[in-house]
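Thank you all for coming; please have a look at the sequence and the model on the screen while I talk.

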Amino acid sequence: MAQIDWDSLGFDAYRTRTVVLAHYRDGAWSDIRTTETFSFTIDPFTQGLHYAISCFEGLKAFRQKDGGIIIFRPEKNAARMARSARFLGLPEPSEEMFIRMCELCVKNNMEFLPPYGHQASLYLRPLLFAPHPQMQLVPYPEVILAVMCAPAGSYYGAHLRSAAAVIPGDFDRAAPKGTGSYKLSANYAGTFVPYQIAHAQGYAELLYLNSATREYVDEFGSSNFFGIKGDTYVTPLSDSVLPSITNLTLQECAADFGMKVEKRPVPLEELSEFEEAGGCGTAVVITPMSHIDMKPVLAAPEVSRSFRYEEDGAVGPVCTKLYKRITGIQFGEIEDTHGWCHKIQA
Ligand SMILES: Cc1ncc(COP(=O)(O)O)c(C=O)c1O
């Protein structure tokens, strides 16, 4: 195996040693198995491809300061995958099975788990999909749960570096009472083109508004939104936002710091009242936003409003404090008083 440069890892698909698999057939899950074959043979009529009968998760394993290995809050990802599966009508993997497969994925790919001290982790990607060839939308006789992993560093090329975001006036992410709060593969398909347009203009992120009225902040394309106002951590309450486990963790960290936490609808206007604002998620951890521009048409040059959070490029104190707290707990440098770190035996 080629030597991995742990300090320059980004966030990419990676060919590790094994993938962990379970099949659901005839009403029951098979035994869990591992394979070194990084490919599936699938029928061209596969439901997962045609109708996006597919959902996934993202969580991380860490090598801690004392040499131990943990997965961060895997029971929350298990519960969220079960919820996504219910929405799609797929069989739910139990929490026990989900966690066992994640643990096995770490153990079987140990040489890809970054050593302590590099601000890097092993990203786990469980995927649940219907591989059966079928034209009609009827129950799925076969389902695959695959857990793969990739060593991961920073999402945007640096840790705790601020980025710019744009509110696209001509794109929405999720319909009211639709799929937005589930981690469905389909939710990401509609963000690819807007991301390409935004990236070409130097924006790292897209901030979506609620699609019903476009009066409230929903979330970024790949992370939740939070804003800091005085000693209050504010994050949107919306039924079209993915319930982020990182956001939940940061809310608890903020409360530990004695901050107030408000989870409520966040009017667009309020973006001008925050001292700091950012995105949070497993992959990005925290991405402070230097500014958020609003554009009536994403591809056109006109910016109708701009909300600024950093004048001199310096990341704000609350984002910094929260980032240090969450990563400190993940790497075992700060005591895990909430019991978030799920230890695994190597
Ligand atoms: C749309 C979206 N929102 C929020 C998140 C953050 O969720 P979590 O903190 O559970 O990773 C993600 C990333 O997984 C995401 O894709």
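Predicted model: local features only at pLDDT ≥ 70, side-chain atom pairs only at ≥ 80, totals over all residues.

Residues are numbered from 1 along each chain as its sequence is written, and side-chain values use heavy atoms, with hydrogens and water left out.

Two packed helices are described by the angle between their axes and the distance between the axes. Helices here are DSSP runs of H or I with at least four residues, numbered from the N terminus, and their axes are lines fitted to C-alpha atoms over the stretch in contact, with angles from 0 to 180 degrees between N-to-C directions.

For helix H2, residues 74-88, and helix H3, residues 95-107, the axes come within 9 Å and cross at roughly 125 degrees. H2 and H3 are therefore oblique to each other, given that under 35 degrees counts as roughly parallel, over 145 as roughly antiparallel, 65 to 115 as roughly perpendicular and the rest as oblique. In contact terms, meaning heavy atoms within 4.5 Å, Pro74, Glu75, Asn77, Ala78 and Met81 of H2 meet Glu95, Phe98 and Ile99 of H3.

Helix H6, residues 245-256, and helix H7, residues 317-330, have axes that come within 10 Å and cross at roughly 110 degrees, which makes H6 roughly perpendicular to H7. On the H6 side the contact involves Thr246, Thr249, Leu250, Cys253, Ala254 and Asp256, and on the H7 side Leu322, Arg325 and Ile326.

Which residues come nearest to the ligand? Of the 16 residues around the ligand, they are Tyr188, Glu219, Ser244, Thr246 and Thr282, where being near requires a heavy atom within 4 Å. Ser244 has a polar side-chain atom 2.6 Å from an oxygen atom of the ligand, and for Thr282 an N or O atom of the side chain is 2.6 Å from a ligand oxygen atom. Lys183 also places a polar side-chain atom 2.8 Å from an oxygen atom of the ligand.

How values were computed: Helix = DSSP H or I, 4+ residues; strand = E, 2+ residues; numbered from the N terminus. Polar contact = N/O pair within 3.5 Å; in protein donor to acceptor, adjacent residues only side chain to side chain.
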